[in-house]
Amino acid sequence: MANIKSAKKRILVTDRQSEENVPIKSRMKTAIKKALENPTPETVNEANKRIDKAVSKNIITKNKAAREKSKVAKKLNNENK
């Protein structure tokens, strides 16, 4: 446990921010799973929207977002062939 007052405050702030990130990340993962199971343009668009939201809130990095979007788009394109 931290001894310095500012460090104790940072621990509290970090915990609160982590709890705020959980639902956004969870919704993103769920949308990605739905898009991979049933790749339709609607599910892919929803997944991309959730991924972009997570990036804008600095929950995931841009590279991870690009990787996930690519994975979902690839699945949609392979289904359409």
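Mentor: Let us begin with the nonpolar core. In soluble globular proteins, nonpolar side chains tend to be buried together. A nonpolar core is here a set of buried Ala, Val, Leu, Ile, Met, Phe, Trp, Tyr and Cys residues joined through side-chain atoms within 4.5 Å. The largest such core has 15 residues, and Met28, Ile32, Ile51, Ala54 and Ile60 touch the most other members. The elements that give two or more residues to this core are α1 (5-37), α2 (41-56) and α3 (62-80).

Trainee: On what basis are such values stated?

Mentor: The model is predicted, and local features need pLDDT of at least 70, side-chain atom pairs count only at pLDDT 80 or more, while totals for chains, interfaces and linings use all residues. Residues are numbered from 1 along each chain as its sequence is written, and side-chain values use heavy atoms, with hydrogens and water left out.

Trainee: How many helices and strands does the chain have?

Mentor: Helices (H or I, at least four residues) and strands (E, at least two) are DSSP runs, numbered from the N terminus. The chain has 3 helices and 0 strands, in the order α-α-α from the N terminus.

Trainee: What does the radius of gyration tell us about the chain?

Mentor: The radius is taken over C-alpha atoms, and the globule rule is 2.2 Å times the number of residues to the power 0.38. For 81 residues a compact globule would have a value near 12 Å, whereas the chain has 17 Å. Along the principal axes, the C-alpha atoms fill a box of roughly 60 × 20 × 20 Å.

Trainee: Which residues does Ile32 touch, beyond those up to four places away in sequence?

Mentor: Contact means heavy atoms within 4.5 Å. On that basis, Ile32 touches Ala47, Ile51, Glu68 and Val72. Of the contacts in the chain with a separation of 6 or more, 45% are between residues 24 or more positions apart.

Trainee: Is Glu68 buried or exposed?

Mentor: Buried means under 20% relative accessible area, exposed over 50%, and partly exposed in between (1.4 Å probe, protein chains only). Glu68, in helix α3, has a relative accessible area of 11% and is therefore buried. Leaving aside neighbours within four places in sequence, Glu68 is in contact with Ile32 and Ile51. Of the 81 residues of the chain, 23% count as buried.

Trainee: Where is Ala47 found, and which residues does Ala47 touch?

Mentor: Ala47 is found in helix α2. Because its relative accessibility is 0%, Ala47 counts as buried. Residues up to four places away aside, Ala47 touches Ala31, Ile32 and Ala35. The C-alpha atoms of Ala47 and Ala31 are separated by 4.8 Å, although these residues are 16 apart along the chain.

Trainee: Why does Asn58 count as exposed?

Mentor: Asn58 counts as exposed because its relative accessibility is 67%. Asn58 lies in the loop between α2 and α3. Its phi is positive, about 55 degrees, although Asn58 is not a glycine.

Trainee: How many positive and negative side chains does the chain have?

Mentor: Lys and Arg count as positive and Asp and Glu as negative, while His and the chain ends are not counted. The place of a charge is taken as NZ of Lys, CZ of Arg, CG of Asp or CD of Glu. The chain has 22 positive and 9 negative side chains, and the centres of the two sets lie 6 Å apart.
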